[in-house]
Amino acid sequence: ILSTATKTKINDYDIYPKSKKGFEDAVEALMSENGCYLINASNRALTFKSNNHTIDNGERIIVQVMSFDVFPTAESIFEYFDFTVCMGAYDCDSKSYVFHEDFYPDIASKTLRFNHKTKYPLNSLIRVSKYQTKGYYISKLESAKVALAVAKVGLPNSWSELENQLG
C-alpha cells in the first residue's frame, strides 16, 4: 500500500489472513491457481514467487502470507506494524482500503512515527536506515521510543531468537 501511495516499485505483496482457514485458502490459491512456489518459510511468513505473474519490469511477483497470527480486521494488523507509514491495508472482504489516521500526513512529511506495541522492535531499529535512505526522517523522540521498545523486549539470546526478531 505504501508503494502504491508513493508511486514507488512494489517489492512484494503481503497477505494477513483473518483466520486459520483463510491462511490455508491463501496458500492453496497461490500454489494451485496462481502458479506460485514456496521460496522461504520462517516463523513469521511463507514467501512465494509467481511463475505466472510479473510486475512492470518483468520481475516475478513475490507474495508473503503471514503465519505468526491471524488478523480479524485490517486495523488489527496495524497493532503489529512498526511505523505509521506502513499502516495501510486493503480488506478483500469489504473491498475497501483502511488507513491509520497518520498514514498520509506521515508519508507527505516523510516522517517515521513509531508504534511502541510492535512485536519486533529490533527489526524496526534496522528498518529505520532503510527508510532514511528513502528520505524519511525520524525524530530523537521516536528514535528513543524504538530504543526503549528494544530494551523492553530484550536482546535475543540465540540465533533462533535473532532470526525471530529480524524475520
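Reply: Let us begin with S124, which is placed in helix 5; helices here are DSSP runs of H or I with at least four residues, and strands are runs of E with at least two, numbered from the N terminus. This is a predicted model, in which local features need pLDDT of at least 70 and side-chain atom pairs count only at pLDDT 80 or more, while totals for chains, interfaces and linings use all residues. Residues are numbered from 1 along each chain as its sequence is written, and side-chain values use heavy atoms, with hydrogens and water left out.

Me: Is S124 buried or exposed?

Reply: Buried means under 20% relative accessible area, exposed over 50%, and partly exposed in between (1.4 Å probe, protein chains only). S124 has 1% relative accessibility and therefore counts as buried. Beyond neighbours within four places in sequence, S124 is in contact (heavy atoms within 4.5 Å) with D82, F83, F114 and T118.

Me: With which residues is Y131 in contact, leaving aside neighbours within four places in sequence?

Reply: They are L2, F83, V85, C86, L112 and Y136. Y131 is itself buried, at 3% relative accessible area.

Me: How is the ring pair of Y131 and Y136 classed?

Reply: Rings of Phe, Tyr and Trp (its six-membered ring) pair if their centres lie within 6.5 Å; planes under 30 degrees apart count as stacked, over 60 as edge-to-face and the rest as tilted. For Y131 and Y136, the centres are 5.4 Å apart and the planes lie at 85°, so the pair is edge-to-face.
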